Amino acid sequence: MPPWSLLSAGPRLSFAARCSRRWLSCSPPWSTSAQQPPPRWGDTLLLPKTNFPLYNDPSTDPKVREKTTEALYRWQWDNAKGPLFVFVDGPPYANGDLHMGHALNKILKDIINRYHVSQGHRVYYHPGWDCHGLPIENKVLKQLGVEVNELTPSQVRAEAEKYAHKEVASQMAQFRELGVMADWSPETTYRTLDSDYELRQLEIFKAMVEKGLIYRQHRPVHYSPSSRSALAEAELVYNEAHVSHSVYVSFQLDSSSEAMSEPLRSLVAGKENVGMLVWTTTPWTLTANMAIAVNPEMRYRVASVKDENGRESVLVYAVDRDEALQQVPGLFASPPVVLGEIEGSDLVGSSYRPIFAPLHQSPSALPSLPIIASSHVTSDSGTGLVHCAPAHGAEDYAVMQALGLISSSPTRSLTDAARTASDGSEIVCHVNGLGQFTEDVADVVGKDSAPELVAKDVLGDGGRAIVGLLTQIGALRKVQRFKHRYPYDWKTDKPVITLATSQWFANLDNIKDDAIAALQDVQFVPAISRNRLESFVRSRSEWCISRQRVWGVPIPALYHVPTNTAVLDSESLGHILSVLREHGPRYWWDGPVSAFVPPSRRDGLSDAELSEVWQKGTDTMDVWFDSGTAWSQLDDLYASLGAASQEGKEVKRTFGSDVCLEGTDQHRGWFQSLLLTACGSAPTDARRRVAPYSTLITHGMVLDETGKKMSKSLGNIISPMTIIRGNGGKGKEDQAYGPDVLRLWVATVEFGKDMTIGPTVLQQCVETMRKIRNSSRFILGSLGDKPFENKVEHKELGLADRYVLHRLHRLDKMARAGYETFNYPQVINELSYFANITLSSFYFDINKDCLYADRVDGIERRRVLTVLDEVLTTMTRVLAPVLPHLAEEIHATLYGPQSPSVFATPWTPLPEDYVDAQAEEDMDKLFIIRSKVNSLLENARKDGVVKSSLSADVAMNISSASTSDVIDALGREEHNLKSLFGVSGVSLSDRSVDETAPSWQYKDTLEIDGTEIEVSVRPAALEKCPRCWTYTRPVGDELCKRCTDVVHA
């Protein structure tokens, strides 16, 4: 008989129907003795048997946890033969328990590292902690119940170090519960307080000093009274809803000014009270006023205004601001009467009286102050005249320094400062490090009024007192609430001020072009994050690196007391670092100053004499400089491993990290400080344009389930430890999910954006995990918890088998692509689809009968087990980076608990032989028919004529040309159609065959590629087999033919 698909359409269909019926009825009867008890047919079935439990959290097994974390890290470092993969850990701050951001961050890093281990790469990953700075210092003081001035600096440092070590240990234990692969010993972790780390940091600082990038200057900087320290731009957050009490005030024009222009003089001639109208949102800065700036290219109006009592005064303001000013309620008691207009340049050179001169005991002793020209004055807001206090405004400082009116030397006396118009000397400042007015404010407001200001917060009572004084002297025109964007301290969430202090700065103008060039070779994930980092780097011209804190890495500057000058150069640093290498970095604080004075500056003085001439600096480095030098710990690594470690890599590195990953807030923090310290200290010109990372990955923030930011005040904080351990309650939100569910959540979110977490999404992850676990359990049960050895050749596989391997190859390829591009949702979606649809809904479903009821060594069963063995291996490889505990559990069940880690065997690509487009095309056609059969079966169930689909047969009547692909596919797969459709029998015939009408049937017609197929579901033609439960047993026989053969064998 020729193959079915070679017959012409009519004969082959009718032959198939006859042959099928004849085969089903040829089973010999099963003979038994009437005296014997009926056989237990279930005992003869090959039901799945496995030690793999339905529900389990393998992470609770210390052996599993150790195998896949610390032991695995040490094993791969000692044994991996692939290229080196370096991941520098951005150090979390060592303060408090982990939050969801920590968990997201560390799990993402771990997925990346584990994928590289699975590829046979040698992974370098040393977890780190940021241990210096204000939060730890404040925490220690709070715990001790003391103020900072009640302890010596050495006591604060000792307590802070003790607290930091305790917090590192606490966070480390929590990170371990996340299943992070790392060696957590001191040698393979780092802390920014480690002596060797601090010494490397100081070497980088020295290199930047030698390149002329570090300088000291007395100038306005962002200053946080709540932190009592200067802040860099990266340490600021902006409050869009901040409200300031702005004021409109008038400065009295000095009519005796010799430099007054003729146009202005003629307009104000004979006028007694001529005021320069100024608006400011920081009235507390008025005590430090040193000039008024106007735009020389703008026009200004001179107008007469009468108050409520009819008293006349004259005000000067910008013409372009007239309409807006007249809209300010109460600013003008009556409509201004224009006296004339002049150019801004006609105002320049005139002078005015200090605004608080009427309060001073000797007003005439206070010199007048200048009106200056500046392009930073615009008509966008205010009055067109800007009060300049260079101690409290960067633009004020810049314009007055450019005009030679100030230097960067500090002063407190307004009397002295008034002479800056002629000699360009000091900045006026009356605010201390607490953000309070000092006693020197009496130089401005007089001795009688000073007590109303001294020791009061400029952002609180001090600011309100200033408004009171302005009212008292008649200078106040209007107080107005003003909502605007204002900088806050990112650590304390309190407003900052701009304050002139002596600080150390890094010149970024000489670095940032190289830094931007270096970023061009960096891959950004997501790609749009490139713009954010580049814009931050471009916008910075300097970096304030000094902090007035006790707990930190010192800026090792020496101060020459007689000349009040700082010494910080290559020679002094070289000597100081040699001392610190011998005694440790803490020796800077504890050792005598004489130990640090280089020989060339000792001038024959004794140690005691040197202590009178020299002082050690007390400033500490910005913590961003601390963490930003983390790349330097890799220099010894690359030197020891050599070029061989880079073989096989697209991007070969000699320093820095292959990947860095942190939250989006680090564009203004760690990502920048890594880049700037690397470029700024580069030993060669070529290195200056190489970033300390090849790939930069950014993740968003974790929000609650409603999309709100987590906060204590809202009570919506979700702790990762609570997710893992549970909190003892009985609700779904109280259950212990274990680390793999949390890790699965991380792998399902688009981490480049802000993401949400809560009970609902966690339950979805539990369900996904359950389905993956159940699929694995079914395969393990079918394999008997051991690899299948009696495999068939690929050419012996059936259509469904080849289709599943085709889909498995897609899973393998898509998962690899997802891991390579950090697209973890793609990995999990492909894995879930494969487990739920390809396996559970299809392959498992159609092959359970074969697996349970066929002979143990039957060819069809061997085909299925061959496929399932390959499926389990690949699925385990795919899920391992995300779900390592589950992967280890599967692997140990299959190979024994003493077997090496699942990661010990490299994940290699599946053979290209598995790609079978024809199998997919044929199965797609059969799936269309299967869907129709299922629909008809469902109708039969609803009508109560079918309970189990096995009690039905399917008949297909086909009318088509002999060249139809769908007919060929049906013919080739005729034997497997009943399993595919989940029924007991399938018959194929053309419409010319007459058939007896069944007792009931459900039919419908569909068309596939021009082939019309009538599908009918009808009662099964044979009886139910008590062993396999299919309706394939001939009447009178005890079992169906297949079961009879198996039992006899």
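**Cores, domains and salt bridges of a predicted model**

The largest nonpolar core has 142 residues, and Trp745, Ile757, Ile929 and Met956 have the most contacts inside it. A nonpolar core here is a set of buried Ala, Val, Leu, Ile, Met, Phe, Trp, Tyr and Cys residues joined through side-chain atoms within 4.5 Å; buried means under 20% relative accessible area, exposed over 50%, and partly exposed in between (1.4 Å probe, protein chains only). Helix H27 (residues 824-853) contributes the largest share of this core, 13 residues. Helices (H or I, at least four residues) and strands (E, at least two) are DSSP runs numbered from the N terminus. Another core, of 83 residues, lies apart from the largest one and includes Val249, Met276, Leu331 and Ile497.

This is a predicted model, in which local features need pLDDT of at least 70 and side-chain atom pairs count only at pLDDT 80 or more, while totals for chains, interfaces and linings use all residues. Residues are numbered from 1 along each chain as its sequence is written, and side-chain values use heavy atoms, with hydrogens and water left out.

An automatic or database domain assignment gives domain 1 (67-204 + 625-698), domain 2 (211-231 + 495-511 + 529-624), domain 3 (244-410 + 426-484), domain 4 (723-915) and domain 5 (928-1048). The centres of domain 1 and domain 4, taken over C-alpha atoms, are 33 Å apart. Their contact (heavy atoms within 4.5 Å) takes 25 residues from domain 1 and 33 residues from domain 4. Together the two bury about 2600 Å², 70% of it on carbon and sulfur atoms; buried area is the accessible area (1.4 Å probe) that two parts lose on being put together, summed over both. Lys67, Ile111 and Tyr115 supply 25% of the area that domain 1 buries against domain 4, more than any other three residues.

Two salt bridges cross the interface of domain 1 and domain 4, where a salt bridge is a side-chain nitrogen of Lys or Arg within 4 Å of a carboxyl oxygen of Asp or Glu. On the side of domain 1 that touches domain 4, H4 gives the most, with 12 residues.

The structure holds 58 salt bridges. One of them joins Arg689 and Asp514 (3.0 Å, N to O), which are 175 residues apart; Arg689 is partly exposed at 46% relative accessibility, whereas Asp514 is buried at 11%. Arg807 and Glu920 form another, with the closest N and O atoms 3.8 Å apart. Arg807 lies in helix H26 (residues 799-820) and Glu920 in helix H30 (residues 917-942), so this pair ties together parts 113 residues apart in sequence.
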